[in-house]
Amino acid sequence: MEDNKKQPQPADMHKEREGGTPFSRREVLKMAGVGGLGLLLGSVGAGGVLAGTGKLGSRSDTASADAARSGRLPFYGTHQAGIVTPPQNFLCFAAFDLTVTRGEEVSQLFKAWTEASAKLCAGETVGTQNSQTGLPPDDTGEAVGLNPSNTSITFGISPSFFDERFGFGPKRPAGLVDLPRFPGDNLRSEWCGGDIGVQVCADDLQVAFHAIRNLTRIARGKAVLRWTQEGFQRTAAAGAPGETPRNLMGFKDGTGNPDVTDEKLMSDLIWTQASDGPAWMANGSYMAVRRIRLRLEVWDRSTLGDQEATFGRHRDSGAPLGLKNEFDPLPLDAKGADGKAVIPMTAHARLAHSETERILRRSYSYSSGLDRQTGQLDAGLFFVSYQRSLEKQFIPLQMRLAKQDKLNEYITHVGSAVFACFPGAKEGRYIGQELFEG
């Protein structure tokens with residue numbers, strides 16, 4: 001987190017939005033009620049539907065207002081969205097365990113998930129059966145009338161996916177390694193593992209929850225939820241545009257992320273290359289997930305000086321200790337009048353800084369109410385990072401932090417998982433097709 005390059009913030013997200021104005025779930029349901037959604041979309045397409053209802057005629061008048069409130073990210077592409085996409089306001093993460101026994105059933109699940117995800121990211125209802133009163137609707141309905149909210153859905157598969165059940169073992173990437181047990185780990189089984197990880201991010205929590213709920217419903221008979229986690233950060237409405245979000249300890253989190261607009265840098269650090277093998281993972285990435293409980297009650301009793309020495313940064317500005325600006329380079333060699341390093345040797349910022357082990361952090365705060373056993377807040381950081389290599393980037397970095405980071409006095413890692421995130425899918429294909437049919 002220490003190369004000090006400012007990241008695109010939610011205010012910049014329009015750069016990734018499609019130019020067209022999406023039609024809302026409410027409009028889709030209305031149209032489905034007239035003639036059947038499948039028939040309408042299949043015969044004339046979305047633009048034709050709008051023209052047929054007369055809505056296209058007023059489009060130029062309403063496009064600006066609609067675009068301002070209706071963020072839509074493309075689901076299809078070279079890479080999956082939700083990795084270098086500027087972080088949305090909310091996260092819903094779900095880990096699934098597969099319950100089927102044949103690889104064909106797994107690929108069928110991903111076909112269905114891909115079709116549904118494209119609709120969810122476009123702000124459309126899933127399925128075609130949403131208007132007959134004698135049947136349960138395909139879509140659960142809580143997002144009707146809500147805009148796409150910049151929804152992104154990112155799929156990954158874990159090491160357990162490649163066990164003996166489905167015959168995919170020979171296709172397991174060498175880079176998909178199990179994490180070692182790090183010093184201080186206090187992992188709990190209810191927050192670990194899963195065959196499949198699905199990260200949904202959106203600027204509205206109900207929209208994000210709707211996506212996870214419907215993907216879970218589609219998976220019925222093929223996969224079950226193992227664990228879930230919701231997360232949040234400050235919204236664009238609450239904070240100044242472009243500012244780095246703060247974690248629940250009050251410090252800015254993500255200052256040093258690599259520049260996601262630098263394509264070569266992303267190829268070097270984040271996207272797996274064909275030379276990394278296997279071919280089906282080219283343009284994918286490896287995701288590390290850690291549920292980190294914060295001992296906030298202890299943290300709140302520590303002095304500001306101790307807090308800043310723990311992070312190696314000033315709390316208010318986010319600047320490295322001794323400096324004024326958030327994105328100033330870390331003065332790792334600077335010493336004070338007492339001869340001691342200005343940035344303490346055990347400071348989180350110093351230990352997290354690395355030129356060779358750089359990762360892309362995409363973390364969210366979480367609050368899960370009260371821990372009944374301790375009477376303390378069950379709150380913390382849902383850490384998510386993406387990297388080209390777990391072995392060369394995340395593991396050595398986390399091992400160094402686990403051994404030396406002064407922040408360890410205030411945190412404990414209770415959940416852990418890793419996933420190989422597929423490359424993106426072209427329209428007409430489905431997520432993971434290169435693995436299942438290659």
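**Questions on a predicted model**

Biologist: Where is Lys222 placed?

Modeller: Lys222 sits in the loop that joins helix H5 (205-218) to strand E4 (223-232); helices (H or I, at least four residues) and strands (E, at least two) are DSSP runs, numbered from the N terminus. This is a predicted model, in which local features need pLDDT of at least 70, side-chain atom pairs count only at pLDDT 80 or more, and totals for chains, interfaces and linings use all residues. Residues are numbered from 1 along each chain as its sequence is written, and side-chain values use heavy atoms, with hydrogens and water left out.

Biologist: Why does Lys222 count as partly exposed?

Modeller: Buried means under 20% relative accessible area, exposed over 50%, and partly exposed in between (1.4 Å probe, protein chains only). Lys222 has 23% relative accessibility and therefore counts as partly exposed.

Biologist: Which residues does Lys222 touch, not counting residues up to four places away in sequence?

Modeller: Contact means heavy atoms within 4.5 Å. On that basis Lys222 touches Asp97, Leu98, Thr99, Val100, Glu105, Gln108 and Leu109. Glu105 is 117 residues from Lys222 along the chain, and their C-alpha atoms are separated by 7.2 Å.

Biologist: What makes H4 mostly covered?

Modeller: Of its 20 residues, 15 are buried.

Biologist: How many disulfides does a search of the whole structure find?

Modeller: A disulfide requires a pair of cysteine sulfur atoms within 2.5 Å, and the search finds zero. Cys421 is also a buried residue, because its relative accessible area is 0%.

Biologist: What makes a set of residues a nonpolar core, and which residues have the most contacts inside the largest?

Modeller: A nonpolar core is a set of buried Ala, Val, Leu, Ile, Met, Phe, Trp, Tyr and Cys residues joined through side-chain atoms within 4.5 Å. The largest has 71 residues, and those with the most contacts inside it are Phe110, Ile153, Phe155, Ile157, Phe161 and Ile196. H4 gives the most to this core, with eight residues. Apart from it lies another core of 25 residues, including Phe93 and Trp271.

Biologist: Why is Ser149 called buried?

Modeller: Ser149 has 10% relative accessibility, so it counts as buried. Its place is the loop between H4 and strand E2 (152-157). Beyond residues up to four places away in sequence, Ser149 touches Gly71, Ala202, Asp203, Asp204 and Val207.

Biologist: What makes the pair of Phe93 and Trp227 stacked?

Modeller: Rings of Phe, Tyr and Trp (its six-membered ring) pair if their centres lie within 6.5 Å; planes under 30 degrees apart count as stacked, over 60 as edge-to-face and the rest as tilted. The whole structure holds 28 aromatic pairs. Phe93 and Trp227 are 5.4 Å apart centre to centre, with 25° between the planes, and form a stacked pair. Phe93 lies in strand E1 (residues 90-98) and Trp227 in strand E4, so the pair ties together parts 134 residues apart in sequence. Both residues, Phe93 and Trp227, are buried.
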